[in-house]
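Colleague: I'm new to this one. Could you take me through it?
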Amino acid sequence: MAYDNLRAFIKDLQDQGELHTIDIEVDSYLEITEITDRISKQYGKALLFTNVKNSPYPVLINSMGTDKRMSMALGVQDYDQVAEEMQNFMDLANYKGLWNQLKMAPDLYKLSKIFPKKVTSAPCQEVVEEPDLTQLPVLHCWPKDAGPFVTLPLVITKDPETGQQNMGMYRLQVYDKNTTGMHWHMHKDGKEIYEKYRKLGYKRMPVSVALGGDPSLIYSATAPLPKMIDEMLFAGYLRKKPIEVVKCVTNELFVPAEAEFILEGYVELDELRLEGPFGDHTGYYSLADMYPVFHVEKVTRRTSPIYPTTIVGQPPMEDCYIGKATERVFLPLMKLMLPEIVDMHLPFEGVFHNCAIVSIKKSFPKHAQKVMYGLWGMGQMMYTKMIIIVDENVDPHDVSKVMWKVFNNIDPKRDLVLTEGPLDALDHSSNTAYFGHRLGIDATKKWPNEGHTREWPDDIEMSDEIKSMVEAKWREYGFENDPS
Ligand SMILES: Cc1cc2nc3c(=O)[nH]c(=O)nc-3n(C[C@H](O)[C@H](O)[C@H](O)COP(=O)(O)O)c2cc1C
Ligand SMILES: [Mn+2]
């Protein structure tokens, strides 16, 4: 089921017993973080704070903080439902040229049903006002943060050459009433578009930021989509209904009509300012660095808007589930390019880009190495610091099993691959920002034609016959639980 907007999602969370409302006064300085962190670690409910000190607006947090709520946000029972349809979407979104258009005529009809739909009046423009970001209940998340940060923003930009919009989630450090940092990392689409404006000689680029909207739209801003795909189109696909968009009051960008707040403005192309530190999803503070500045010219909003946010820190937290959705939704695409992949697991502790465990159908010597290099060449997988490859009979989600294979199956000199290449901007371990060393671990069974001349022992496993016999007699042995 698609939600029209954030409040429809909140209502459903409430109806399903997934929302806890807190009406006593709370402070956006650290207190909301401490409450939410505890609830996250207990795998608890979404939280709605209705009475936040020094702000007229309520705060919604942890709304996608379990697999159940993340699935609700995507409008599905479980992630696999979305994964199944991913291929169709890529075919659709990638249509090019007349021949393809003709070939895909029936599909284009489908595309027309998910393309963002322009409207002329919108709830997100019920109120148009001068910016005062200090009115928003922006969280100062952690003690050593440089200030308050907007943590769930949908940053909308437009490619100056193709005219296509992009929507990415990049945190905003609030500096004062009308300026924030713009923390798009080096490898992201927002930054690439910024560089295009610079190269073309512009002085500033239009940027608008939406807060709120259908949760599938919020998710889409985080999804590692190929550059040519507008995240709003993807959101339309997820919700099987177009995202309604409205033109901004002060610039040419189209923003989600159902959002709670829109911050309209621009980024100067020759201005940088110190941004951070910020307690980040690695569980560490990301270091202060120079980033562009976002100047807000107008705030438009609903009459009674709700401020959506999240906190990141030591896992598990809400963003882990956003990442888990991405792991599941994008697996079919990876399989398209690397069909030998059976399954993949990005453990929470690896905060997505530090560890990928991948099971493969191994069919030729050094196949594991081929998959590692393939992944390091693929979109945002390029900065996966550690890739562990196991055989297809090992479930990558069973980390204990995986570690058993790693500890026992590897000859370190032969089976470890050390490469140098891009790392995520948040990596603090490398002595150089943005690049460093990555490790591949081939934990598969080694074959004679890979140079392993000794016999490789079998896994110890009981015969099916004895297993069935024992299962059948389980209760006769006096056990009351299931035999599994
Ligand atoms: C809660 C949250 C906060 C994020 N903050 C940032 C950020 O500050 N900077 C950044 O470059 N990416 C950040 N990301 C990751 C990007 O949103 C993600 O890589 C996305 O695919 C970028 O979109 P793009 O490819 O269109 O640039 C964040 C993700 C989440 C879930
Ligand atoms: Mn993008």
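Predicted model: local features only at pLDDT ≥ 70, side-chain atom pairs only at ≥ 80, totals over all residues.

Colleague: Which residues are the protein donors of the manganese ion (ligand 2)?
Modeller: Asn166 through OD1, Asp189 through OD and Glu231 through OE, at 2.1 to 2.2 Å from the ion. Donors here are N, O and S atoms within 2.8 Å of the metal (3.2 Å for Na, K and Ca); water is not among the atoms, so sites may look incomplete.

Colleague: And how are those donor residues spaced in sequence?
Modeller: The pattern is N-x22-D-x41-E. Asparagine 166 sits in strand β8 (residues 165–168) and aspartate 189 in helix α7 (residues 189–199), so this pair, 23 residues apart, links distant parts of the chain. Helices (H or I, at least four residues) and strands (E, at least two) are DSSP runs, numbered from the N terminus.

Colleague: Is asparagine 166 buried or exposed?
Modeller: Buried, because its relative accessibility is 4%. Aspartate 189 is buried too, at 13%. Buried means under 20% relative accessible area, exposed over 50%, and partly exposed in between (1.4 Å probe, protein chains only).

Colleague: New topic, the backbone. Where are the cis peptide bonds?
Modeller: One joins glycine 276 and proline 277, with omega about 5°. Another runs from proline 315 to proline 316, with omega near 0°. Proline 277 is in the loop between β14 (261–275) and β15 (278–279), while proline 316 is in the loop between β18 (307–308) and α10 (318–337).

Colleague: Why mention those at all?
Modeller: Because most peptide bonds are trans, and most residues other than glycine have a negative phi. Tyrosine 43 has a positive phi, near 55°, and so does asparagine 62, near 60°. Tyrosine 43 is exposed at 52%, whereas asparagine 62 is buried at 1%.

Colleague: Last one: what is the strand order in the open sheet of three strands?
Modeller: β4-β12-β13, with mixed pairing. β4 (117–118) and β13 (254–256) are at the edges, each with a single partner strand, so one side of each has no neighbour in the sheet. β4 pairs with β12 (residues 244–247) in the parallel sense over two bridges; two strands pair if DSSP finds at least two bridges between them.

Note on methods
Residues numbered from 1 in each chain as written. Chains lettered and ligands numbered in written order. Heavy atoms only, no water.
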